[in-house]
Structures are given as structure tokens and as C-alpha cells.
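Let's take a walk through a protein model together.

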Amino acid sequence: MLRKLNYELDYDIYDEYDDASVGKLPLLDKPTGKPGFWHCSICTNNNDESLLSCDTCGVFRDSTGIIDNDSGEKVYGKSKDSRASVMARSLFALSPHQMPKPAVISDIFLAKEAVKSHEKGCIEAYFNDLQKTFTSPHCNHSINIAPFKFDTPSPDDIVSSGKNAARNFPKVPLGSTKASSNITGKKEIVNLLPVNEVSNSSSASSSKDNHIDVSESSNSRDYEDAPQIIADDLHRLKLDKNSKDNRSKKASRNVQYKPEKWMLSDQEQGISSQLNLAVVGHVDSGKSTLCGRLLHLLGRISKKQMHKNEKEAKEKGKGSFAYAWAMDESAEERQRGITMTVAVAYFDSKKFRVVLLDSPGHKDFVPNMISGATQADAAVLVVDASVGSFEAGMGGNSVGQTKEHAQLIRSFGVEQIIVAVNKMDLVEFSKERFDFIKLQLGLFLCSCKFKESSVAWIPLSAMENQNLVTTASDVRLSSWYQGFCLLDAIDSLKPPQRDVSKPLLLPICDVVISHFVGQVAVCGKLEFGALRASSKVLVMPSGDLATVQTIQRDYCPCTIAKAGDNVAVSLQGIDAGHVMPGGVLCHPDLPVTVASSLELKILVLDIVTPILVGSQVEIHIHHAKEAARVTKILSLLDQKSGKVSRNAPRILTARQSAIIEVALDGTVCVEEFSVCRALGRAFLRASGSTIAVGIVTRVLEQGS
């Protein structure tokens, strides 16, 4: 568009000229008019001879068109070298009410230019000359140049201004007050400078839209108001688009967090009465039967429900699974006779409100076991005492699920464990068999860094109801064992420490979508902080804000949940597609890190195939799992001292400690182990088995 005809660097006007003409003022035609009048070459209006500029369009009269002949008469002629652009002519072909207001120029300027007039009848003036003219010490008059402006911007002007403003946003730091005028899309005002200085200034600022304004009239302000509004809108849209990335890139440790008073109420030294207890072990060791029997004895399963389970189990020829079906409720689990997902149940002991997490034992469902048992404060490791079954769980030369689950539980940070030696009735409650199991498994638990004082050994029989909630009634067991029953052993555990003073952190274990109501609910253990209805939370990794509508704890509605509680939270104001297992609910001002490349310190388990650079693995972090690739093996560590014993080894074999780098196919919510232990533990799996456990030592690359 033709804008700011008077001495501005708008090169659109000069597209029809060669390079030599760039920087000069456009030359306008002057057709012959009536005597006593001069004819405007743009709007074709006849103007009085005394006027220096067109009364209609404001274009200056070409003084070189007035030629004094020998007789002293004034001749009005047309310039032979007229070069008015086609765009200029088309723009000025307007109706009289659309004509722009005339520009103003002082008489002294025209007088000086008349003296410099060319013989051909054209004005050719450079900006350097204009600068000298305006700043000449002989010029005593006040010179005001009002740039030509349309009364209203054209659609092209609005779109162009908005696009240019939006294009420049990322180049300006959002926190910079100095550049705030550029962020909003307002053009920068520059003093009148020579052409070379102007070009240097514009190149230094890397802005193509900086114009040279001598003064800003009311018309020019009106002209810029509309593009300014459009630019502001585009700016807000761009900020909204990038708001998720901005939130996810905030450094949480740079923000000082202070818990509110309601979070700290009714808290005694940060200790909660809830205990999350994971039940793990080899497949067919009797985990689900043990949980079902315990719940039935404690009155958590009604007689009617128990009778129904017994009837259905007998009809399908699986009468011994009646108690297990209290936990395995899906048709597929009952058909196959194995636990496939983590079942959650609740009961009250003398000391704790216990959340029972019944984990699958089959090797195909270890990822589900990892997702559920990562919430555990303590664990019950169930062992089958029958001959052959215990040995199968230990795995012989390979890793059985008893070993694997024990290693995983310890890697979750669980320090207290109860070893429930189940099915003792199948070995006639033999003390020798119990001692053999205790010796074999005890050595392995010590190698997993379990302290001997933190391991409790309980012989029992779930089917025969021996040593579960009361001491054993069978003389074959009570004759040599006078220790705790299972329920008393649970009450003997140390209460877990809870920290509600830290920012909210809730890893998402499961997502329940209600299409009828249009809501989405997330389940998981509240690791830190507290949560209450109507509070705002940030859902990562999507970076969307949501509002907590309702909270359920132990299937009962509540208004406040605190660290350690296993809850189901109903969210409002978020698309269900943005909430997924493996995500995290956190404080709106303190988002967790989203990473795509990590440095890990790992312990390689009893593997057969060594780990090489380029090995494809599956990484598990809290409830998230992602395909990954080992990109570097940085160093080998001495297991006793933890110091580097060798740099850049070629391979990693069984029972070695090392520092490696992994690149993830996607992104996961993670923190360094030193910052947050709940989000800093990692597990590597390949070919259906866990090959290494470790911690996150460094986030190498953050995801977008």
C-alpha cells in the first residue's frame, strides 16, 4: 500500500523503478491546465495558482512545471520525465469524501526546492538533502512535516500489521519491560536520521516494520489504533498457544511455596494413619486368596457376596478360587484364574487405615504390578511354601517373580516388608521347610539392601485360616511358632512419614471417563501436599488447568485429601483426551519436568543378554512407561564405594552398576531423584523381564 508519501522509507512505491531511483522522492506528472490554474497529476483537480499543494489530495505542486520564458511569462507545461506509479494513481482514484487530508509543508522548503529545480521539470531530492534542509542553521522557521495517512486503515494494512507484529513476538523476551512496546505490535518511533543511519538502526533491531516518523498527528494515531488492536489480539492468541510450554518450563525450585493453613490442620507432626500395603509375589502363590480371606475375616466382604462367589466358583470347577474372586472381579481374570490388574481394597486395623494393593504375579503383567505397587509404603511378599513352587518363584538360574518383585519393591523405596510364607498346610506346617525358605530368601533380600530388622517372617495358611487375624489354632504350627499373626505384623510396621508442606504432587495411576456426565476422574496416591474441592490443579504433561470437583477416599466422598491418601479425583474444565495414566497433577505455579532424554544410575539385574549402546528398552517411571534406547554407557561404578571404576565400557552384564543415558521415544513427567524421589525412580525392561533398576540423576533434554 502507498503510505507515508512524505519522506519515509517505504520501498513498495519504488517497485517500478530501478535501483538508482530507490531513496528518491517519487516524480509526479503535471498535465497542462487552464491559465491561472495548475492541474494536479493525481486527482486531476484544477487548483489556484497561488496554492503550493493540491487542495483536494494534498500532493505538492511541481515548481519545476512553472517555466519562465524569455518574455517573462509563466508557462504551465507537463514534465517530460513524469514517473508517477500505477499504484499511486489507483490509490488516489477515490470519491471526494474518501480523499485524505492534505499534508502540510512550510513555504521555506518549497522556496529552496524551487531554486534547485531541474531543467526537465522534475524534483529529485535525496533524504540527506532533506536532513540538511531541515537542520540548517539558516532555517529559522519551525518546520512541521505531517506524514500522509489514510483516515482509516485498509484491510491489507490491518492484516499486514498483525502478521508482522505476531512474527516479531518470539524475538522479544516476555519478561522484558524495555521491549514492551514491541510486544504489543506498536511501531517504534525513530528520530529523523540520514538514510545510512536509519538502515543501520533498523538492521540492528532486526525489525522490518520500523518507520521514520517526524511527528505523530491525531490522524496517524487513529491510523495505528486499528492495527494495534489486531496485533494485541494476535499476541494474546499466541500467548495462549504457548502458555502450556511456558508453564512447563518454569523452574519449580525458583518459586517459594508456602502451604496454606487448611493443609496443616489436624496434622500431628506430619504423620498420617493411612498405610498403602502392596501384596506381591510369584504367580499362584495365593495373593488374591490371602487378601480375600483377610477382608472376609475383617467384615469387609458380606456373607451374601461370599456365598455368591462360592457358588459361581463351584459351577466353573474352581471352588478354591472363591476368596480370590473377592479381588479378581473381571470375567477374564476369573476365566484365566490369574490377577491381571492391581485390585484395591480397604480395611481398618488397630493402628492403620490400610489400602490393600493386590498386584498381579504373572510375568506378563509385571508392568501393571509396577504401576500399582509404586504407591506402596510397605509390602507383603507372599511365598508358596509347597515343594517346587518356592523354587520356581526363585527362578533357579533365571529370575523368578519372587526375586523380581522383591527387587522392584525395594527400588520403589519400600524398606519394610512382611514375608508371608503361605500354603504351609501343604507341607504339614513343617518348621524345617519354613527355615529353609527363610534362609534362601533371606540371603537374597539382604542383597537387595533390605535390613534384617525391617523384614518380618510369618508362616500361615490362607485357605485354612491359620495365623491371619488371630494366632494359629493348629497345633502343628503353634507348637513351634509363637510370633505375630499377619494382622499384628501389619500393625507393628512403622507409620510412614507424610509431608503436606510440599507442593501438590499426585501421579495418575488410572483414568475413568464418564461420557454421560462429561467428567473425567483420576486415581492415585497423593505423594505430597494436600487437595480440596474447587481448587485449581495443573495436569501434566498437557499443561492444562483443571478444577477439582469432587474427591473420594476409600470410596467415600471427602472435601480434603492429604499426602499419603489414595484418592479418586473428579476434574472439571479439561478435555478427557489431555488426561492419561502416567501424568501428574501438580500445583499450578510449580509444574513438574517433562523430559525426553535422561541420565540414569542403574543396577543391572540377573540378565543373560548384556546391555549395549543402542539396546531397545522400555522405561517405567512411577505410572508412566515409554519406549527408549540406550544412547551412551558413561561409566561403570564400584558397587561398594559407588565411585567410577571404568569409563565408557562397551557392555553391561549382570549385577553391575553403571551410569547410562537413554533417549525416550516420547516424553514422561519426571524429576531428578535428589529433587523428588517419587518421580525419580526408573525401571528398565526388555523381552518381558526387568533388566535394570535405578534412579534419575539428570534430565538431559526437556520435552515440549
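What follows goes from the nonpolar cores to salt bridges, cysteines and paired strands.

First, a word on how to read this model. It is a predicted one, so local features need pLDDT of at least 70 and side-chain atom pairs count only at pLDDT 80 or more, while totals for chains, interfaces and linings use all residues. Residues are numbered from 1 along each chain as its sequence is written, and side-chain values use heavy atoms, with hydrogens and water left out.

Let's begin inside. In soluble globular proteins, nonpolar side chains tend to be buried together. A nonpolar core here is a set of buried Ala, Val, Leu, Ile, Met, Phe, Trp, Tyr and Cys residues joined through side-chain atoms within 4.5 Å. Buried means under 20% relative accessible area, exposed means over 50%, and partly exposed lies in between (1.4 Å probe, protein chains only). The largest nonpolar core has 76 residues, and Ile409, Phe412, Leu441 and Leu445 have the most contacts inside it. Strand β10 (residues 378–384) gives this core its largest share, 6 residues. Helices (H or I, at least four residues) and strands (E, at least two) are DSSP runs, numbered from the N terminus.

Which residues does isoleucine 409 touch, if we leave out those up to four places away in sequence? They are Ala278, Val280, Met369, Ala373, Ala379, Val414 and Phe450, where a contact means heavy atoms within 4.5 Å.

Now for charges. Side chains of opposite charge can pair when their charged atoms come close. A salt bridge is a side-chain nitrogen of Lys or Arg within 4 Å of a carboxyl oxygen of Asp or Glu, and the structure holds 13 salt bridges. In one of them, arginine 334 pairs with glutamate 312, and their closest N and O atoms are 3.0 Å apart. Arginine 334 lies in helix α11 (residues 331–336) and glutamate 312 in helix α10 (residues 303–315), so this pair ties together parts that are 22 residues apart in sequence. Arginine 334 counts as buried because its relative accessibility is 12%, whereas glutamate 312, at 25%, is partly exposed.

Aspartate 384 forms a salt bridge with lysine 423, with 3.4 Å between the closest N and O atoms. This pair links distant parts of the chain, 39 residues apart: aspartate 384 is in strand β10, and lysine 423 is in the loop between β11 (417–422) and α15 (431–447). Aspartate 384 is buried at 7% relative accessibility, and lysine 423 is partly exposed at 23%.

What about the cysteines? A disulfide is a pair of cysteine sulfur atoms within 2.5 Å, and by this rule the count comes to 0. The closest cysteine sulfur to that of cysteine 448 is in cysteine 446, but it is 9.2 Å away, so it is too far for a bond. Cysteine 448 itself is buried, with a relative accessible area of 9%.

Finally, look at some strands. Two strands pair if DSSP finds at least two bridges between them. Strands β25 (residues 616–621) and β26 (residues 624–637) pair in the antiparallel sense over 6 bridges, with histidine 620 opposite lysine 625 in β26. These two strands form a hairpin with 2 residues between them, and histidine 622 in the turn has a positive phi of about 45°. Strand β25 also pairs with strand β30 (residues 681–686) in the antiparallel sense, over 3 bridges. There, leucine 684 in β30 is the bridge partner of isoleucine 619.
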